[in-house]
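Subject: Structure handover and findings

Dear colleague,

Please find below the structure that I am passing on to you. A summary of the findings comes after it.

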Amino acid sequence: MKPHFLLAMLAPAALMAETVHISTPGTSMVLDATVGQPLQIVYYGEALSPADIEALPNTGAPKLNAYPTFGLTGGNETAMTVKHPDGNITLDMAVTGVSQSKEADGADMTTITMKDRYYPFTIDVKYRTYPDADIIETWAEATNGQKKGDVTLTEFASGYLPIHQGNVYLSQFYGTWANEARLEEARLPHGMKVIKNKDGARNTHTAHSEVMFSLDGAPQENAGRTIGAALCYTGNYELRIDTDDSNYHHFFAGINPDASAYILAPGETFVTPPLALTYSQEGKGGVSRNFHRWGRNHRLAHGNTPRKILLNSWEGVYFDINEEGMDQMMNDIASMGGELFVMDDGWFGVKYPRTTDNCALGDWTVDTNKLPHGIQGLCDAAKKHGIKFGIWIEPEMTNTTSELYEKHPEYVLKANNRDLNLNGARGGTQLVLDMANPKVQDLVFSVVDTLLTNYPEIDYIKWDSNSAIINHGSQYLPAEKQSHHYIEYHKGLLKTLERIRAKYPDVTIQDCASGGGRANWGYLPYFDEFWVSDNTDALQRIYMQWGTSHFFPAIAMASHISNSPGHQTFRTVPLKYRTDVAMSGRLGMEIQPKNMSEEDKAQCRKAISEYKEVRNTIQMGDLYRLLSPYDKLGCASLMYVAPDKDEAVYYWWKTESFVNQQLPKIAMAGLDPDKMYVVTELNRIDNEPLPYEGKAFSGRYLMSNGLEMPLDHNVDYNKRNDYASRVLRLQAK
Ligand code: DGJ
């Protein structure tokens, strides 16, 4: 077996190392770490043999600084810029050593230490491999080694990667509230491309910190050399791609340095968040599958535990929480085969009852006018119905109208000598707590701790965050560290989440932020899933979930059957279609079941029971995106294939409707060509089965031809509509 890393020309060990090979089974990164020289990157891509590595110096490829710093070159973009105590703003970094170790989980860790030639300032550039997923994480740790005097960091990227120019396409994700994770793909032009976030608290409504680079022209799903990169951070970020006259696209990713100059005291170390990189010859699909495997195995909380099917109360009753209503919803979801009920916003507030969104955040005491038997009563009711109980909180926030704010106005973020800015705040009153303050960290911890200690039956927490930082100052941080407020917010948040997970490793926690505002791998070590969007319209969800699926697995994507007409788009969508879309992620419901017909309930009961049969394949399988809705060919399709290729679940959704329209026939992917697969339709509503129902086809046939999808459903005349979708289960014989 190939070693995961290799140090050539070691003499003596760890001092004069030159070539460092960091590898996973499918990828190689080669660095030149000659002591006394800047660290250089020689290669990143397909796995190389020792002979290839030896031949690399003869390929004519230039060596570029692997972690460029500001100071000794011309106007090149850099990863780190600092100001030394004497005002010098340059760095001149040279390698002083390489060390390698094995992590507890078997991963390989390489640290390359660089030291400034004059100042006592060091940067450790870190690389951690994930052999099971072909992912290499990289980040930097910068230390001020001065005995006296602060160093100010003004730029602090996690990592850098040069990508040779050519026909390189960038896949990126943009959006806004209720329209998150839209896919956009274009050839990289010259000049600077910046993808950034400055919300402060949430970071994925508008743009995502994940991108793909397709090296062989327009992105393909299952072919083409493709690099995937994900900055794993909870706060403001900046991805920069500088396409200059050097033949390279220079890609940098890290915390957004805007308004965030960071002072490092003597002896202090600044650790950047990891940038996860992968490379695949199997196009975007290969990159997605690597990220999904890495996420499930290493980064997502309980990444390999099947998720429960739930009903969330939000779109069903909004703030109209009461005991009878909660009991009815629990009864309904239990009778449809669901496994969990989640009570959303509106259950708390004594002095200021939370009947709308303008008060009471922070006052996490149950409103006994609404719930006379409190949370215990709800836990007992869930038990009676044979399901689990979950609850909504938004612990990082408060309102000006709240007991918390009345007692502790010093706990909120606020700039000195400025009135509170409530411009655009939710409910006109929402404020963000100052997570830099250890007392606030304790408070946020205690919100969760009190709930879970008092009610150990609570199985699930929906952790929401509905505000940007709009008051730019910390009442806790000293004057000279006000520019730390964004970074310290997230350090405090992560510290608190760490504490929560240490005490409550088993509880399921959903990461929600006004919908999909926190879909980032920086959050997911502490969360089991995220809410993809506040928009639950099935048609629009196809587009959003398609984008999201590029970096996040189905198990993490909460996807709910909601009302028709939809509460966001007001579109009328049949239940079959709503179900078939929700079933392609972590299935749940977000609807008032009381308003559903018995026939609809029966349809959901059937869908839930069938989802349970294929849940493992959807949530733990390999994703193959087959036809993109963004191609605008009238339909979209994807499938999940179990790792042993014995089972697959295939989805087909019509995305526009015309009489006698001609739609492409879609070849499947990811199957074993030599296995025979029996086809069964799930969620069937048609009067007649499909011609291939119960029939077997080889993986080879299905992957080269696919199956015909009728344009419409064969249903009674009065049930006809302009939507069509299919979910097929394929089982190897
Ligand atoms: C925003 C979330 O995205 C919704 O799902 C819901 O929980 C509301 N907040 C509650 O206020």
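This is a predicted model: local features need pLDDT of at least 70, side-chain atom pairs count only at pLDDT 80 or more; totals for chains, interfaces and linings use all residues.

Residues are numbered from 1 along each chain as its sequence is written, and side-chain values use heavy atoms, with hydrogens and water left out.

Grid points are joined across faces, edges and corners, and a volume is the space filled by probe spheres set on the points. The count is eleven cavities of 30 Å³ or more, and the largest cavity has a volume of about 80 Å³. Its lining includes Trp-546, Met-557, Tyr-640 and Trp-653. Two elements, α9 (538–548) and β33 (635–641), each give two or more residues to this lining; the largest share, three residues, comes from α9. Helices (H or I, at least four residues) and strands (E, at least two) are DSSP runs, numbered from the N terminus. By class, the lining has seven nonpolar, three polar and no charged residues, where Ala, Val, Leu, Ile, Met, Phe, Trp, Tyr, Cys and Pro count as nonpolar, Asp, Glu, Lys and Arg as charged, and the others, Gly among them, as polar.

A nonpolar core is a set of buried Ala, Val, Leu, Ile, Met, Phe, Trp, Tyr and Cys residues joined through side-chain atoms within 4.5 Å; buried means under 20% relative accessible area, exposed over 50%, and partly exposed in between (1.4 Å probe, protein chains only). The largest such core has 121 residues, and Trp-347, Phe-389 and Trp-463 have the most contacts inside it. Helix α7 (residues 438–454) supplies the largest share of this core, seven residues. A second, separate core of 59 residues includes Val-125 and Tyr-233.

The structure holds zero disulfides (pairs of cysteine sulfur atoms within 2.5 Å). For Cys-512, the nearest cysteine sulfur, that of Cys-359, is 19 Å away. Cys-512 is buried at 1% relative accessible area.

Finally, Lys-675 lies in the loop between β34 (647–654) and β35 (676–682) and is partly exposed, at 23% relative accessibility.

Kind regards

Note on methods
On a 1 Å grid over the protein atoms alone, a cavity is a set of points where a 1.4 Å probe fits but cannot get out, and a pocket is an open set with protein on both sides within 12 Å along at least five of seven lines; lining residues have an atom within 4 Å of a point.
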